[in-house]
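Trainee: I am new to this structure. Please take the contacts made by side chains and go through them closely, with the places where they sit.

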Amino acid sequence: MRSYLDFEKPVAELEAKLEELKALGDRDGAVAISEDVARLEAKAAAALAELYAGLTPWQKTQVARHPQRPHFVDYCAGLIEEFQPLAGDRVFGEDEAVVGGFGRFRGRPVCVIGQEKGANTEARIRHNFGMAKPEGYRKAVRLMGLAGRFGLPVLTFVDTAGAYPGIEAEERGQAEAIARSTEACLGLPTPNVTVVIGEGGSGGAIALATANTVLMLEHSIYSVISPEGAASILWRDAGRAQDAATAMKITAQDLLRLGVIDGIIPEPTGGAHRDGEAAIRAAGDAIANALEPLSALDAEALRDRRAQKFLEIGRSL
């Protein structure tokens with residue numbers, strides 16, 4: 001069953017009427033209503049396209065968090081062949097908020113790391129809603145080290161509200177683990193490409209997203225803090241999250257204009273949650289296009305280009 005966001009109510013009403021009309025047409029003896037169905041389908045599609053053409057930053061935030069949006073495990077299944085996951089950081093334990101391993105992307109061996117939120121209640125609890133603890137980032141560092149040793153490109157998929165802020169995470173060195181992961185990204189001797197597939201939150205995201213090429217899905221978001229968190233700090237009112245989302249410039253379109261990211265991956269009309277397979281294919285094409293020019297560079301050039309990319313952010317504003 002499709003889940004609708006609050007601002008999608010006009011489309012939900014049209015699609016509900018459409019389903020009723022189709023059900024009526026399926027009944028024995030019902031009059032032919034194919035023309036009415038086609039007309040209502042066209043009206044619903046037009047309404048959806050018009051709605052998604054003018055989403056506000058807060059509405060994009062809601063789309064990025066949609067529970068039916070494809071998660072990392074879906075991208076991994078759709079894009080990576082012979083995927084072999086590896087577990088543990090060799091220091092403390094396993095963190096299922098970060099899933100990583102090795103496989104083949106369109107025939108090419110790669111290292112793949114992603115944050116997994118989980119698609120149902122059980123999975124969300126197991127993956128801690130995609131909020132990694134230090135052992136998750138240390139696992140990422142371990143995998144990037146292996147990728148560098150064997151000359152494999154690294155693909156990372158970002159989808160997290162932020163690193164886990166719990167006491168045990170702080171006790172085990174959360175900030176240091178995030179810094180080490182960021183350092184590992186910067187120091188990779190091989191190409192790395194990041195895709196923000198949903199929500200890219202704060203240091204929890206940048207720890208995997210310090211890449212040669214950073215891409216975002218059309219309706220994903222990427223920010224130093226959540227809109228609710230920013231509103232609580234600035235105005236002591238989480239209810240002003242909409243104002244914060246607009247002011248923070250968290251959408252892919254704003255971030256491309258500001259030079260924070262390198263490209264936007266188009267989503268199907270109505271968001272990736274309406275056609276996950278199409279969104280995954282588009283992401284695969286964008287990753288392949290990003291990897292091709294990077295593959296010709298040596299380790300020193302990759303590191304220099306990566307460092308220069310991040311040093312230049314904000315200088316031309």
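**Salt bridges, rings and pockets**

Mentor: Lysine 309 counts as buried because its relative accessibility is 12%, and the limit for buried is under 20%. The model is a predicted one. The partner of lysine 309 is aspartate 262, and the two side chains form a salt bridge with 2.7 Å from N to O. Their positions in the chain are distant: aspartate 262 is in the loop between H12 and strand S8 (263-265), while lysine 309 is in helix H14 (residues 299-311), 47 residues apart. Aspartate 262 is partly exposed, at 39% relative accessible area.

The closest N and O atoms of aspartate 254 and arginine 257 are 3.4 Å apart. Aspartate 254 is buried at 16%, whereas arginine 257 is exposed at 56%.

The whole structure has 18 salt bridges. One of them joins glutamate 199 to arginine 65, with 3.2 Å between the closest N and O atoms. Glutamate 199 belongs to strand S5 (residues 192-201) and arginine 65 to the loop between helix H3 (57-64) and H4, so this bridge ties together parts 134 residues apart in sequence. Glutamate 199 is buried, with a relative accessible area of 6%; arginine 65 is partly exposed, at 29%. Both belong to a network of salt bridges that links Arg65, Lys117, Asp159, Glu199 and Glu228.

The lining of the second largest pocket includes Arg65, Lys117 and Asp159, along with His66, Arg69, Arg124 and Phe129 among others. The volume of this pocket is about 160 Å³. Its lining has five charged residues, three polar and three nonpolar.

The largest pocket, of about 190 Å³, has a lining with no charged residues, but eight nonpolar and three polar. Among its lining residues are Ser202, Ile206, Tyr222, Leu255, Phe310 and Ile313. Helix H9 (202-209) gives the most to this lining, with three residues, and strand S7 (221-223) also supplies at least two.

Turning to the rings, there are three aromatic pairs. Phenylalanine 7 and tyrosine 52 form a tilted pair, because their ring centres are 6.1 Å apart and their planes stand at 55°. Phenylalanine 7 lies in the segment before helix H1 (9-26) and tyrosine 52 in helix H2 (residues 34-53), 45 residues apart.

Phenylalanine 72 is in helix H4 (residues 72-79) and phenylalanine 157 in strand S4 (residues 154-160), so the pair ties together parts 85 residues apart in sequence. Phenylalanine 72 is buried at 1%, and phenylalanine 157 is buried at 1%. Ring pairs join Phe72, Tyr75 and Phe157 in a cluster.

Rings also meet charged side chains. The charged end of lysine 133 sits over the ring of tyrosine 164, 5.2 Å from its centre. Over the face of phenylalanine 92 lies arginine 172, at 4.1 Å from the ring centre.

Key:
Residues are numbered from 1 along each chain as its sequence is written. This is a predicted model: local features need pLDDT of at least 70, side-chain atom pairs count only at pLDDT 80 or more; totals for chains, interfaces and linings use all residues. Side-chain values use heavy atoms; hydrogens and water are left out. On a 1 Å grid over the protein atoms alone, a cavity is a set of points where a 1.4 Å probe fits but cannot get out, and a pocket is an open set with protein on both sides within 12 Å along at least five of seven lines; lining residues have an atom within 4 Å of a point. Grid points are joined across faces, edges and corners, and a volume is the space filled by probe spheres set on the points. Helices (H or I, at least four residues) and strands (E, at least two) are DSSP runs, numbered from the N terminus. Ala, Val, Leu, Ile, Met, Phe, Trp, Tyr, Cys and Pro count as nonpolar, Asp, Glu, Lys and Arg as charged, and the others, Gly among them, as polar. Rings of Phe, Tyr and Trp (its six-membered ring) pair if their centres lie within 6.5 Å; planes under 30 degrees apart count as stacked, over 60 as edge-to-face and the rest as tilted. Buried means under 20% relative accessible area, exposed over 50%, partly exposed in between (1.4 Å probe, protein chains only). A charge sits over a ring if NZ of Lys or CZ of Arg is within 6 Å of the ring centre and within 35 degrees of the ring normal. A salt bridge is a side-chain nitrogen of Lys or Arg within 4 Å of a carboxyl oxygen of Asp or Glu.
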